[in-house]
Amino acid sequence: MSTNEYLKQLRSDFSKQSLSEDDIDHNPFTQFNNWLKEATESNVLEPIATTISTVSKYGQPSSRVVYIRDIQENGFVFYTNYGSKKSHDLEMNPKSCMNLFWPELERQIRIEGIIEKVDSSISDEYFNDRPKASQIGAWASQQSQKLASRAHLEDKVNELTNQYANKKVPRPENWGGFILVPHYFEFWQGRKSRLHDRIAFSKDEDVWKIERLNP
Ligand SMILES: Cc1cc2nc3c(=O)[nH]c(=O)nc-3n(C[C@H](O)[C@H](O)[C@H](O)COP(=O)(O)O)c2cc1C
């Protein structure tokens, strides 16, 4: 079978669960936490991995996966290099969107909002808890910049490993957290024959408005 034939014939029909206005929590953060708990209990492979999209100053969107490392009262925190492509995009345009897909539960969550840097004390605390090899990696990698060769990176890691052999690794200034503060959530539950359940939350002043969307 050719790839294109395969693409045309592949069909998943979703039927595991449903999502109704009666079941959903009226606070989207609580709803997210409820689903995340179910995802971890169901052994979803990478439950905290989320796609995050940014838009460049030229209006070009790009997406990549990051780990959600903290859920605060007002948003979702991830850590990255502040010199990376995504960070440059966010400096120019702080609007962003996360998307999580948990195939094992036939669920998708979309979260749209505005991104800001977290307090440096929060980044310090998280960085200090990371394994030493990851801390050294944060120093070694000029994330998203061109790299002459793999050997170049590995030499740098070896050099830094020696430099910090008996020392605490400080957080690089260009490495830290961002928080996405949402104004929109959508919870998607796959249903039979593409008649999926979609429940959206939009923030109006300080109130979350709940609406069902067509699949
Ligand atoms: C499962 C998974 C988790 C990842 N987690 C992170 C993360 O938490 N932070 C990060 O900067 N990159 C993470 N990455 C790498 C990013 O996807 C991406 O390659 C990197 O951040 C550079 O993106 P950019 O050039 O668009 O800024 C992860 C990749 C995968 C596949």
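1. Glu 112 and Arg 110 pair through their side chains in a salt bridge, 3.7 Å from N to O; the term means a side-chain nitrogen of Lys or Arg within 4 Å of a carboxyl oxygen of Asp or Glu. Glu 112 is partly exposed at 25% relative accessibility, and Arg 110 is partly exposed at 29%. The cut-offs here are under 20% relative accessible area for buried, over 50% for exposed, and partly exposed in between (1.4 Å probe, protein chains only).

2. Before going on, some housekeeping. This is a predicted model, where local features need pLDDT of at least 70 and side-chain atom pairs count only at pLDDT 80 or more, while totals for chains, interfaces and linings use all residues. Numbering runs from 1 along each chain as its sequence is written, and side-chain values use heavy atoms, with hydrogens and water left out.

3. The whole structure has 12 salt bridges. Another one of them links Glu 41 to Lys 37, with the closest N and O atoms 3.1 Å apart. Both residues sit in helix α2 (residues 28–41), four residues apart, or about one turn of the helix. (Helices are DSSP runs of H or I with at least four residues, strands are E runs of at least two, and both are numbered from the N terminus.) Glu 41 is exposed at 55%, and so is Lys 37 at 52%.

4. Which residue does Arg 191 pair with in a salt bridge? The partner is Asp 197, at 2.8 Å between the closest N and O atoms. Arg 191 is partly exposed at 30%, whereas Asp 197 is buried at 6%. Shared partners tie Glu 21, Arg 191, Asp 197 and Arg 212 into one salt-bridge network.

5. Is Thr 50 buried or exposed? Thr 50, in strand β1 (residues 49–55), has a relative accessible area of 0%, so it counts as buried. A polar atom of the Thr 50 side chain lies 3.3 Å from the backbone nitrogen of Asn 99. Beyond its neighbours within four places in sequence, Thr 50 has contacts (heavy atoms within 4.5 Å) that include Arg 64, Val 66, Met 98 and Leu 100.

6. Now the hairpin. Strands β8 (residues 197–204) and β9 (residues 207–212) run antiparallel and are joined by six bridges; pairing requires at least two DSSP bridges between two strands. Ala 200 has Glu 211 of β9 as its bridge partner. Two residues separate the strands of this hairpin, and Glu 205 takes a positive phi near 55°.

Key
Polar contact = N/O pair within 3.5 Å; in protein donor to acceptor, adjacent residues only side chain to side chain.
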